[in-house]
Amino acid sequence: MFEAIAFYLFAFLTIVMFYITVTTSQALYALTALAAGMIFISAFFFILGADFLGAVQIVVYSGAVMALYAFGMMFFDTTREVKEKQGNKYIVVGLSALSAILVVAIFAAPMVSENITAIYPVVDGIGNTQAVGMVLFTKYLVPFEVAAIMLLVAMIAGIVLAGKKMDRSLTTMEEDEIKTLREKNIKVHS
Amino acid sequence: MVEHILSILIFFPALAAVLGFVVHKDSVRSYGVAVATIEFMLSMWLWLVFDPTLSGMQFVEQIALVPTFGINYIVGVDGISLFIVILAAFFTMLGIASLGETKNIKNMIITLLFLQMTMVGVFLALDAIVFYVFWELSLVPMLYLIGAWGGPLRIYASVKFFLYTFTGSLVMLVGMLFMAYLYHRTTGNWSFSILEWYRLQLPFEYQIWLFLAFFVGFAIKVPMFPFHTWLPYAHGQAPTIGSVILAAILLKMGTYAFIRFSLPLFPDASVYFMYPIAVLAIIMIIYTAMVAYAQKDIKQVVAYSSVSHMGVIVLGTFALNVEGITGSIFLMIAHGVVSGALFLLVGVIYDRRHTKLMSEFGGLASVMPRYATIFGIMMMASVGLPLTINFVGEFMSLLGFYKQSHILTLLAGVAIIVGAIYMLTAYKKMFFGVVTKDENRNLPDVNKTELLALIPLAIVTVWLGVYPKVLLEPISTSVKPLVEFMHEKAITAEAKARISTMAVKVDNTKIPTGEAH
Amino acid sequence: MLSPINVSIGSLNLITLAPMILPIVGALFILIIDMFKSGLDKSMFVMLSLLVLGIDFALLIESAGMFRANGTIMGVFDVMLVDGLAILSQFIIVIASMLFIPLALSQKRFHEFSYPEFFALFLFMIAGFQFMVATDNLILIFVGLETASLALYTLIAMHNRDKSFEAAVKYFTMGALAAGFYSFGSMVFYALTGSIEINQIATVLAGNNYADIGFVLVGVVFLLASFGFKLSMVPFHTWTPDVYEGSSAALAGYMSIVPKIAAFVVAMRLFEFLIHSGVVWLEAVLYILVIVTMTMANIWALVQTDVKRMLAYSSISHAGFVMAAILIGTTQSNSALFLYWVLFSFTNLGAFSMLWISRQKNLLPGQSSDHTFEKFAGLVKISPVAASIMALFMLSLAGIPPFSLFWGKLYMIGSAVSAGYTVLALAMALNSAIAGYYYIKLIVYMFMKDPVVGYRGDVSSINATMSLRVIIGIATVGTIFVFLALNPLLEFITSFVYNSGY
Amino acid sequence: MMQIGLNHYLVLSTILFSIGLIGVMRRKNLLMLFFATEILLNSVNISFAAISHYYGDLTGQMFAFFVIAIAASEVAVGLGLLIVWHKKHNNIDLDFMSTMRG
Amino acid sequence: MELFLYTALFSPLVGSLFAALFGASPKTKIAGIIPSALLGLSFISSSILLVSILSGNGAVHVEMMTWMSAGNLYIPFGFVVDQVSVTMMMVVTLVSTVVHVYAIGYMDHDKGFNRFFSYLSAFVFSMMILVMSDNFAGLFIGWEGVGLCSWLLIGFWYHKESATWAANEAFIMNRIADLGMLIGIFLVYWNTGTLQYEQAFAAMPSLENDVLTWMGVFLFIGAMGKSAQFPLHTWLADAMEGPTPVSALIHAATMVTAGVYLVVRAHPLYHLIPNIGIFIASLGAFVALFAASMALVNRDMKRVIAYSTLSQLGYMFVAAGLGAYWVALFHLMAHAFFKALLFLGAGNVMHAMHDELDPFKMGGLNKAMKGTFIMMTIASVALAGIYPLAGFFSKDLILEVAFVENHYIIYTVLLFTAGLTAFYSFRLVALIFHGEERYKLFGIHPHEAYKFMLIAMSPLLFLAVIAGSFKMTYFEMVTQVLPASEYHVHSSLTFWIMTIGTQLFVAAAILFAYKKYTRRDIKVPDGTSKMENSFAYKLLINQYYIPFAYQEYVVKPYREVSSLFWTHVDQKIVDATVDGIAHTFYKIGEETRDMQSGNLSIMLKWMVAGTVALLSLAVVFGLSVKYATEIKLFLSGLGV
């Protein structure tokens with residue numbers, strides 16, 4: 001009972017929040033609603049017993065991602081109302097509604113798959129975090145490391161792209177321009 | 001060396017072409033002539049060492065290429081292909097020798113030598129994929145020849161030529177792959193060897209579809225009505241040498257392929273489709289002859305006449321008896337010689353006047369008598385006068401097909417009437433009457449270089465018209481087992497009856513000995 | 001209580017990781033070098049990357065030997081799956097990368113190559129693709145895919161001009177949507193089977209005899225959309241021409257090969273078991289997708305005015321062509337896929353390299369994009385060799401024998417015919433004919449038109465250096481003479497594909 | 001209805017996913033478009049967690065974990081791209097981003 | 001004997017090639033003399049062969065070499081000199097020798113002198129092949145060869161539009177007939193297995209009647225073309241555009257009789273199908289009358305003679321059709337002599353009159369051209385069939401044949417035609433040689449031809465007079481091969497009545513012609529006289545409007561249909577379809593490339609749309625699988 005109430009409550013809240021995120025014309029509202037939605041989602045994780053995931057959700061999204069977005073908003077100066085030319089609204093709404101209805105139509109049906117054997121079962125009496133850790137550092141060690149590489153790539157990408165060196169494009173400069181830059185002792189990579 | 005002569009024949013021009021890049025452009029013409037002459041000598045040597053009494057493939061070479069998928073480099077020659085190969089070498093030689101002032105002559109000669117490789121390759125290949133390789137590859141030099149040295153519409157013409165034939169041959173490729181698949185299903189091995197395919201006795205349904213797939217490729221190449229419209233453009237726009245080789249050799253690929261693939265692989269389908277194809281061939285003959293009559297450009301006349309004659313060749317092929325097939329092969333050679341010569345002749349006048357409109361001429365017989373004479377000989381050959389090369393082929397093709405259908409042969413025979421109509425009219429417009437245009441008054445007659453190409457052709461035209469036996473004998477030696485083979489392989493009763501190896505059931509058909517006096 | 005797990009190092013089969021670790025190590029090495037001494041010349045990084053890739057190649061040969069001896073190897077808690085497909089695709093990835101990387105040594109200076117990070121990212125990307133193909137775990141596929149993609153977005157943007165940013169943003173945004181689709185699709189399969197390993201999924205689905213076919217199809221749809229994006233299937237292809245146009249020609253050529261082979265391998269793993277289990281719907285949909293992709297991409301390529309965009313559409317069409325292999329799903333067709341892609345990579349990389357050596361920095365007056373057809377007009381008169389080589393690549397792409405792609409097409413259409421897909425085979429063949437037109441169009445421009453007045457004569461090789469020429473030379477030789485090496489290649493591929501159970 | 005089963009979560013997830021799709025399709029401001037892609041990934045995470053819960057299997061949580069990591073990385077790269085674009089053009093509206101077409 | 005055979009056959013070829021050597025160089029007498037001499041040689045060889053055959057030696061049959069062979073087809077270059085062919089050889093070589101010599105003078109001033117002899121000798125060679133061949137294919141070689149030479153010679157003065165037009169007309173008309181001939185040959189081959197006369201004819205009696213009928217019909221179609229039988233007759237009159245010696249040789253004596261020769265040669269075949277024979281005879285009779293009627297009013301000297309030739313060919317076909325092959329051949333021979341003579345005489349007149357052809361513009365030439373006058377008169381008498389000249393024997397015989405075979409209609413027609421023949425022949429003679437010297441009005445000074453030309457003509461004159469006396473010798477000779485049916489009117493009274501009646505009738509016609517056309521007041525007709533405006537005259541002068549009809553209803557439609565085929569069918573349908581397919585693809589590309597608008601939002605929408613589309617397909621499929629049984633039930637309820 002409690003579960004049901006919680007589910008419906010949070011479902012309602014997330015839907016509303018995300019709906020605001022995608023419809024509002026105020027970037028700030030959108031950001032705030034997104035952050036709220038993320039936190040409400042973490043509530044589901046807690047309901048479902050995935051405590052670790054809930055924590056990560058809050059830390060990563062509300063912490064890291066939102067901070068980045070907030071920074072971006074300031075940088076892009078989109079705190080004002082955002083004007084967007086809208087094309088045909090019906091296409092957007094129609095496609096989305098259709099996709100929702102179609103998937104829901106199938107998902108509403110119960111799944112036959114009852115004889116699923118859990119490969120990494122949730123063991124009672126062990127904290128979720130521990131269990132996750134066990135799996136993550138055995139079975140999912142390689143993906144984990146690759147994810148690390150991915151984050152490294154993202155970091156390098158962010159640094160490179162936002163870096164100062166991108167301000168001056170060697171691609172569009174003629175060779176003699178580059179030469180003059182060199183002579184002026186402005187550092188240009190070869 | 002003699003056992004590798006076929007490979008030498010195929011790859012010598014290509015090698016020479018590659019080396020030709022180094023040759024200085026002032027000397028490249030002589031280089032080309034020399035190479036083509038050597039190639040021609042080699043082909044003559046092939047004729048010399050060819051054993052005309054054997055019906056099978058000779059000088060077969062086989063090198064594994066992709067054995068996993070059954071693709072091997074197999075070449076061989078028999079009476080059916082021998083003379084077309086010689087013709088190809090002959091025409092390349094004459095073509096290069098008669099080249100006049102041409103821009104970028106080096107590129108042209110190299111292109112021609114490459115083209116020669118592909119032509120010879122097509123006729124010698126005994127592996128479907130090798131055949132296909134050369135078949136497709138021949139499009140490229142031709143595309144360049146038309147597109148780079150052609151007339152005002154050259155790009156349209158060359159692209160049309162390329163895409164049209166390319167499309168057709170891709171359908172054919174699917175057919176080949178299906179054939180290989182059937183072979184695989186039957187024997188468990190992959191093979192694209194034509195000779196091994198021959199051994200497959202296919203169910204009727206398969207034959208029909210495969211026949212159609214191959215037919216699309218061949219028919220466009222021939223070109224059969226209604227797939228012929230690329231040809232007038234290609235001929236109309238191509239430089240002289242391009243038209244000559246296109247008409248003399250490249251078109252023969254289609255009809256040759258009918259004999260090499262369609263007939264022995266699908267005897268029942270060949271019989272099944274005999275009438276539709278014959279009807280198409282007759283439309284080709286009459287309809288294009290009429291279109292030729294309506295032309296204003298002499299080259300277009302010759303181009304459409306090519307289509308018309310190819311109709312007779314197709315008809316002869318589908319006579320499905322020794323007389324008809326032998327005749328159609330002979331007519332391939334004949335048409336090659338004659339239409340090649342006609343295109344050369346058109347080129348002669350085009351070089352002088354830079355126009356091909358017949359209305360621009362008139363009365364040339366008095367200005368250029370020698371030209372008019374040679375043109376006249378070739379025209380008469382084209383019309384199919386006895387004792388010229390064309391007659392033998394046409395006669396035997398029609399004779400052969402008469403066995404299959406009287407009324408259709410009668411219709412096809414209209415060829416000799418309509419052919420005469422457009423040719424004589426064109427000749428009259430160009431050569432007869434009084435000279436009306438001042439530009440024509442002082443046109444120089446054919447010069448030595450041109451005679452160098454034309455005289456041998458005229459000689460061949462008459463020689464083979466009078467004494468076709470040298471060709472007919474080896475050809476029919478190879479055709480006879482082919483027909484017998486088809487007869488044996490055929491599964492339907494109708495096909496068995498249609499493809500008969502016996503000519504007539506009359507007892508007293510002894511060959512006269514000639515000592516009757 | 002949770003009991004500690006004892007894992008013996010030997011059972012992990014760490015060797016399976018080696019080919020992926022190596023580029024990562026190389027990348028880190030490059031970053032470290034840059035940390036110590038900045039301002040090193042790009043040629044050093046090029047050679048370093050080449051070395052790393054070379055060793056990687058050697059490692060691959062090693063794993064190929066192992067595969068021959070022992071068959072498929074699972075490693076590191078069965079996450080890694082080194083089967084024939086993985087090895088073959090890694091070969092293609094590494095070889096194509098080796099062919100790509102020297103292209104950085106261009107005559108002109110372009111922005112991205114001035115970064116050591118470019119090479120690091122490049123190697124990370126390779127590792128990402130390698131992970132993607134060498135596993136059947138949906139998580140690792142996802143992570144590998146994203147690693148590679150994120151690196152790739154950056155590489156595109158680093159070209160540093162308006163069009164490349166635009167391209168990167170478009171690619172990125174659509175990639176993000178595709179990532180969403182992928183995760184949704186994986187979720188459905190997980191919901192159905194409780195597993196995220198393709199083998200396991202297949203077993204479970206077969207076990208309950210596809211009782212929840214509706215669910216399966218929803219999952220397939222989302223995965224199909226996601227891989228449709230990667231493989232640029234119509235209508236998920238819209239990014240392709242823009243991204244190719246926006247990135248440098250060399251990178252565009254690379255993109256037309258490597259990401260796609262990786263995606264193909266995953267698609268093979270994902271979709272073929274479904275087709276084999278008789279999911280008629282997937283067969284029908286793939287049929288439609290293949291035909292539509294081939295045909296429409298060809299038709300759009302017809303009307304292009306820029307060679308690079310034309311090649312972009314042609315790549316889409318080729319991908320559609322190859323997608324047919326997955327639809328057919330026989331050993332022959334899967335081998336054909338790899339054969340085709342090997343041959344395609346030589347030719348297509350060669351063609352893009354030819355564009356690369358003709359890349360000038362700024363547009364000439366009257367030129368609307370980098371590689372307009374007019375730029376190549378009359379090339380045979382200016383540089384006959386360049387024109388001939390370019391023509392060769394075009395002919396090969398068009399499928400004119402005996403150049404490389406013809407053999408690919410031959411084997412592919414052959415596999416379609418053998419599997420009874422005759423109509424498909426015909427459609428494939430006829431599409432080659434349509435494609436003939438636009439390839440010929442470039443040849444027409446090069447060989448049959450006169451140069452545009454005012455264009456500089458050296459424009460065709462303005463960006464050429466020795467290393468570029470060498471790469472083009474290799475591609476040329478490969479394109480012409482590949483038929484000599486075809487048999488061993490085919491045998492090699494077939495045995496690997498067959499022994500992987502595909 | 002009151003018994004919350006897996007299907008409830010799946011349906012919720014789908015609805016959220018559709019909302020994300022709406023955002024992806026209607027947003028012209030790239031930053032806000034990226035918000036929508038976050039929604040897509042998050043909606044799927046709910047399902048993963050739910051399935052994981054109902055099957056008693058940790059794999060779903062693993063997947064969700066990696067999805068979060070991926071989402072975070074994407075944000076970094078996406079923002080980097082937006083920054084360079086913004087520096088040159090002073091806007092992040094995708095309608096201004098159509099120099100290549102055809 | 002073989003040597004003589006080859007000499008007879010090949011010396012014209014050598015002559016032709018010899019003259020051809022000088023083809024491009026200016027006129028040399030030698031180019032005329034040597035071919036003439038070689039023809040003389042050929043004539044001598046033929047004579048020797050004739051003598052040999054007359055003396056009872058069998059036919060000479062040689063096989064030179066193989067021409068075509070493939071499968072069961074075997075065609076050699078074989079030649080046979082038997083009684084029939086030796087007759088033809090004699091006619092051909094004799095007339096052509098005469099014509100050659102004559103032409104040396106006639107073509108004296110022509111630029112194309114050398115060329116002319118080359119063509120002329122080539123013609124003789126072809127004709128020799130035609131008559132000497134021992135098989136149908138060889139016959140066809142000659143058949144086409146004479147066609148070619150005829151084309152060359154009619155169009156000899158190629159600068160004249162009318163000449164080249166006539167040449168082409170002749171060639172094409174002949175080609176139409178040749179097709180029939182070809183089909184006939186095919187029929188022979190596929191039914192008898194050979195093309196050799198001997199074997200083929202031997203096999204024929206065992207064949208079905210239908211097959212034989214078709215064979216006969218098709219071969220006769222070939223003969224109709226060459227011998228200019230209705231409806232393929234129009235070319236012959238137009239062929240008079242060629243030089244006159246050509247008309248004499250080709251269009252009177254030799255080539256046009258090839259059709260008759262074919263029928264005679266194929267007599268074993270036609271013997272088996274008498275119905276076709278009747279048809280041939282009827283057509284012959286019709287043509288005889290038809291042509292003669294056109295000759296009545298024509299105002300072109302050569303055309304009149306040409307129509308008379310046509311008319312005489314009709315006679316020959318009557319004979320051949322009725323089975324009197326030897327009679328046909330006999331008339332052929334006799335006709336060759338006097339008709340060639342007539343033409344050559346006409347040539348002299350033309351020369352004298354500076355190529356004027358209208359006899360109304362001549363008159364009274366007998367003073368200026370005595371020799372020619374005599375010769376032409378005698379030739380005309382012979383043509384009219386007055387005793388004892390050649391025409392009497394041969395033509396009367398044909399009348400008798402018709403009578404004896406009980407074909408009275410044919411007989412009547414022929415008899416009437418004989419009268420007409422006499423009338424138009426002497427109309428011509430009268431107009432040319434008698435009456436007032438109207439030519440003076442045109443300022444022409446006629447002169448007699450070279451002596452040697454007249455001398456050259458004299459053998460013909462001689463033969464025209466005496467040929468009839470060879471009748472019995474000839475009969476004995478040819479009937480060794482041909483059916484030896486003698487035609488005697490049973491009652492001698494009837495015979496005499498017929499003969500004398502005919503003679504009187506003919507004589508009356510001659511007198512009438514003389515009376516009418518030697519009057520003083522003959523004017524050059526100017527289209528105003530009453531007669532010229534009468535319907536009959538118009539019909540005849542316009543050749544029954546047949547050339548007009550051909551022009552209007554055959555040539556013109558052909559041209560128009562050809563143009564239509566080209567501009568509309570070929571370009572607008574066939575080619576347009578091909579281009580249309582290509583264009584459609586291109587058009588689709590142009591129209592749909594907007595899909596790639598470059599706008600990211602639209603791209604994303606496409607992606608979602610694609611997914612949704614797949615999804616709907618999936619749902620439809622999924623639901624239909626799930627509710628398969630219900631759907632089936634529902635559908636069966638609907639009665640599907």
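**Reading chain B, a helix pair and an interface**

Of the 517 residues of chain B, 67% count as buried, where buried means 20 or more other C-beta atoms, placed from the backbone, within 10 Å of the residue's own, exposed 12 or fewer, and partly exposed in between. This is a predicted model, in which local features need pLDDT of at least 70, side-chain atom pairs count only at pLDDT 80 or more, and totals for chains, interfaces and linings use all residues. Residues are numbered from 1 along each chain as its sequence is written, while chains are lettered from A and ligands numbered from 1 in the order in which they are written.

Trainee: Which secondary-structure elements does chain B have?

Mentor: Helices (H or I, at least four residues) and strands (E, at least two) are DSSP runs, numbered from the N terminus. Chain B has 22 helices and 2 strands. Its radius of gyration, taken over C-alpha atoms, is 22 Å, close to the 24 Å of the globule rule (2.2 Å times the number of residues to the power 0.38) for 517 residues, so chain B is as compact as a globular protein of that length. The C-alpha trace of chain B spans about 70 × 60 × 50 Å along its principal axes.

Trainee: How is the packing of helix 4 of chain C and helix 20 of chain C to be described?

Mentor: Two packed helices are described by the angle between their axes and the distance between the axes. Here the axes are lines fitted to C-alpha atoms over the stretch in contact, with angles from 0 to 180 degrees between N-to-C directions. Helix 4 (residues 84-100) and helix 20 (residues 466-499) of chain C have axes that come within 12 Å and cross at roughly 170°. They are therefore roughly antiparallel (over 145 degrees; under 35 is roughly parallel, 65 to 115 roughly perpendicular, the rest oblique). Residues in contact (C-beta atoms, placed from the backbone, within 7 Å) include Leu88(C) of helix 4 and Phe496(C) of helix 20. The residues of this contact divide into 9 nonpolar, 2 polar and no charged; Ala, Val, Leu, Ile, Met, Phe, Trp, Tyr, Cys and Pro count as nonpolar, Asp, Glu, Lys and Arg as charged, and the others, Gly among them, as polar.

Trainee: Which chains make the most contacts among the 8 pairs that touch?

Mentor: Chains A and D do. Their contact takes 71 residues from chain A and 60 residues from chain D. Helix 3 of chain A gives the largest share of the chain A side, 11 residues. That side has 57 nonpolar, 10 polar and 4 charged residues. Chain A and chain B, in contrast, do not touch, and their nearest C-alpha atoms are 36 Å apart.

Terms used. Two residues are in contact if their C-beta atoms, placed from the backbone, lie within 7 Å.
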